[in-house]
There are 2 protein chains.
Amino acid sequence: MERKLKDYNPEYCPVIYSLNKIGDRWKLLVIHYIRKGNLRFGALQNVIPNVSRQTLTNKLRELEADGIINRTVYAEVPPRVEYNLTELGVSLLPIINEMSKWGLKYMRP
Amino acid sequence: MERKLKDYNPEYCPVIYSLNKIGDRWKLLVIHYIRKGNLRFGALQNVIPNVSRQTLTNKLRELEADGIINRTVYAEVPPRVEYNLTELGVSLLPIINEMSKWGLKYMRP
DNA sequence: CCGCATCCTGGGAGATACTG
DNA sequence: CAGTATCTCCCAGGATGCGG
């Protein structure tokens with residue numbers, strides 16, 4: 001189980017709540033890349049640098065449990081699974097947009 | 001040394017850059033609370049749940065090295081040290097604001 | 001009060017092999 | 001293809017004591 005700040009924070013504040021949902025580099029990257037159209041497990045693995053299948057799986061499960069993404073299995077051969085942002089997931093995009101804007105502005109090579 | 005996604009990411013993207021600077025729950029919390037007026041080391045330690053001195057020290061150093069906060073030492077007895085956001089630090093506030101807004105809207109007790 | 005030096009531990013993450 | 005199951009490793013972070 002993931003240890004969360006919530007567990008021992010007396011003055012629970014919104015920022016901490018958000019951090020507990022997405023304050024994890026992997027999760028933000030997953031959301032970011034799903035938004036960009038990388039919907040399949042393999043696609044995500046290719047585009048996110050150095051994620052192991054294991055970790056990617058875990059993060060996808062957590063995001064699903066938090067209602068941020070949907071998982072759709074297509075009964076095909078070979079099997080196909082697609083992930084999509086839920087409404088809640090979409091509501092996170094402004095945060096990622098702000099981060100993206102900041103990165104663009106202040107990034108130095 | 002902190003292992004950064006940057007080190008092994010072929011397609012370097014702004015979101016990842018931002019993540020490398022602040023994609024760490026402690027750092028965001030530090031920025032958040034400095035903004036709220038908790039400028040002293042002790043104040044930060046009191047207000048951030050369960051940070052050890054060590055960790056807080058490290059994060060403050062990293063933030064300082066990244067030009068996000070300033071450190072001012074007052075030659076008093078007892079000693080006093082204050083941290084302030086630099087211009088670069090202030091430029092991060094929109095991100096935190098978005099996170100705060102999101103938390104307020106979707107937080108369930 | 002602030003914070004460095006040490007030591008130590010837990011659990012996040014990688015590697016690998018195996019299934020439907 | 002898209003996972004699960006295991007095992008291992010590593011280091012971020014906690015605890016503690018000292019020093020300016």
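1. A:Pro78 sits in the loop between strand 1 and strand 2 of chain A. Strands here are DSSP runs (E, at least two residues), helices are DSSP runs too (H or I, at least four residues), and both are numbered from the N terminus. The peptide bond from A:Val77 to A:Pro78 is cis, with omega near 0 degrees. Most residues other than glycine have a negative phi, and most peptide bonds are trans. In chain B, a cis peptide bond joins B:Val77 and B:Pro78, with omega about 0 degrees, and B:Pro78 is placed in the loop between strand 1 and strand 2 of chain B.

2. A note on the basis of these values: the model is predicted, local features need pLDDT of at least 70, side-chain atom pairs count only at pLDDT 80 or more, and totals for chains, interfaces and linings use all residues. Residues are numbered from 1 along each chain as its sequence is written, chains are lettered from A and ligands numbered from 1 in the order in which they are written, and side-chain values use heavy atoms, with hydrogens and water left out.

3. A:Ile69 stands opposite A:Leu85 in strand 2 of chain A.

4. Chain B has a hairpin as well, in which five residues join strand 1 to strand 2. Strand 1 (residues 69-74) and strand 2 (residues 80-85) of chain B are paired in the antiparallel sense over six bridges. B:Thr72 has B:Glu82, in strand 2 of chain B, as its bridge partner.

5. How are the two chains related?

6. In the interface, 38 residues of chain A are in contact with 38 residues of chain B, where contact means heavy atoms within 4.5 Å. The copies meet through the same surface, because 100% of the interface residues of chain A are also interface residues in chain B.

7. Chain A and chain B bury about 4000 Å² between them, 71% of it on carbon and sulfur atoms. Buried area is the accessible area (1.4 Å probe) that two parts lose on being put together, summed over both. In chain A, the residues that lose the most area to chain B are A:Arg25, A:Met99 and A:Trp102, together 19% of what that side buries.

8. Helix 1 (14-22), helix 2 (25-35) and helix 6 (93-106) of chain A each supply at least two residues of the side that touches chain B. Helix 6 of chain A gives the most to that side, with ten residues.

9. How many salt bridges cross the interface of chain A and chain B? The rule finds zero; a salt bridge is a side-chain nitrogen of Lys or Arg within 4 Å of a carboxyl oxygen of Asp or Glu. Over all chains, the whole structure has 16 salt bridges. One of them joins the side chains of A:Lys59 and A:Asp24 (2.7 Å, N to O). A:Lys59 lies in helix 4 (residues 53-65) of chain A and A:Asp24 in the loop between helix 1 and helix 2 of chain A, so the pair ties together parts that are 35 residues apart in sequence.

Technical notes
Pairing = 2+ DSSP bridges.
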